[in-house]
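The sequence and structure come first.

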Amino acid sequence: MSILAEAITHLAYDPGVTPAEGGLPGLAVLKKVVSSINLFAIIATVGALAVAGVVWAWGHHTGSHGAEAKGKQGVLAAGGVALLLGAANGLVSFFSTLGTQVK
């Protein structure tokens, strides 16, 4: 096998790429933008939770079982979204670490 073929074969199995802090300009700005988007999403989730709670209560007090069920679904959905937004850094870190263990 030629030297080039061996190099390409080795590259196919281990490219040697790892995340590096500060490799590109604008990384701090990108982190700030993503953090701002996360904050906006959390605030929107609080609003959605409030609206869903009102729909749930309104449906319960008026006897509208459909509205009550939709309110409950909205509360659960908002709770799930809040859980995912809060756990985003941990989830990405966990799966990134897990991915480094794949051989």
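Phe94 has 49% relative accessibility and therefore counts as partly exposed, where buried means under 20% relative accessible area, exposed over 50% and partly exposed in between, with a 1.4 Å probe and protein chains only. Phe95, at 51%, counts as exposed. The structure holds 1 aromatic pair, and Phe94 and Phe95 form it edge-to-face, at 5.0 Å centre to centre and 75 degrees between the planes. Rings of Phe, Tyr and Trp (its six-membered ring) pair if their centres lie within 6.5 Å; planes under 30 degrees apart count as stacked, over 60 as edge-to-face and the rest as tilted.

This is a predicted model, in which local features need pLDDT of at least 70 and side-chain atom pairs count only at pLDDT 80 or more, while totals for chains, interfaces and linings use all residues. Residues are numbered from 1 along each chain as its sequence is written, and side-chain values use heavy atoms, with hydrogens and water left out.

The protein chain has 3 helices and 0 strands, in the pattern α-α-α along the sequence. Helices (H or I, at least four residues) and strands (E, at least two) are DSSP runs, numbered from the N terminus. Of the 103 residues, 7% count as buried.

| Residue | Relative accessibility | Class |
|---|---|---|
| Thr45 | 11% | buried |
| Ala44 | 42% | partly exposed |
| Phe94 | 49% | partly exposed |
| Phe95 | 51% | exposed |

Thr45 is found in helix H2, and its side chain reaches the backbone oxygen of Ala41 at 2.7 Å. Leaving out residues up to four places away in sequence, Thr45 touches Ala78, Val81, Ala82 and Leu85, contact meaning heavy atoms within 4.5 Å. Ala44 also lies in helix H2. Between Ala44 and Ala78 there are 34 residues in sequence and 9.3 Å in space, C-alpha to C-alpha.

The largest pocket holds about 210 Å³ of space. On a 1 Å grid over the protein atoms alone, a pocket is an open set of points where a 1.4 Å probe fits, with protein on both sides within 12 Å along at least five of seven lines; lining residues have an atom within 4 Å of a point. Helix H2 (27–62) and helix H3 (65–100) are the elements that give two or more residues to this lining. Among the lining residues are Lys31, Asn38, Asn89 and Ser93. By class, the lining has 3 nonpolar, 4 polar and 1 charged residues.

Definitions and conventions:
Grid points are joined across faces, edges and corners, and a volume is the space filled by probe spheres set on the points. Ala, Val, Leu, Ile, Met, Phe, Trp, Tyr, Cys and Pro count as nonpolar, Asp, Glu, Lys and Arg as charged, and the others, Gly among them, as polar. A polar contact is a pair of N or O atoms within 3.5 Å; within protein, one must be able to donate a hydrogen and the other to accept it, and residues adjacent in sequence count only if both atoms are side-chain atoms.
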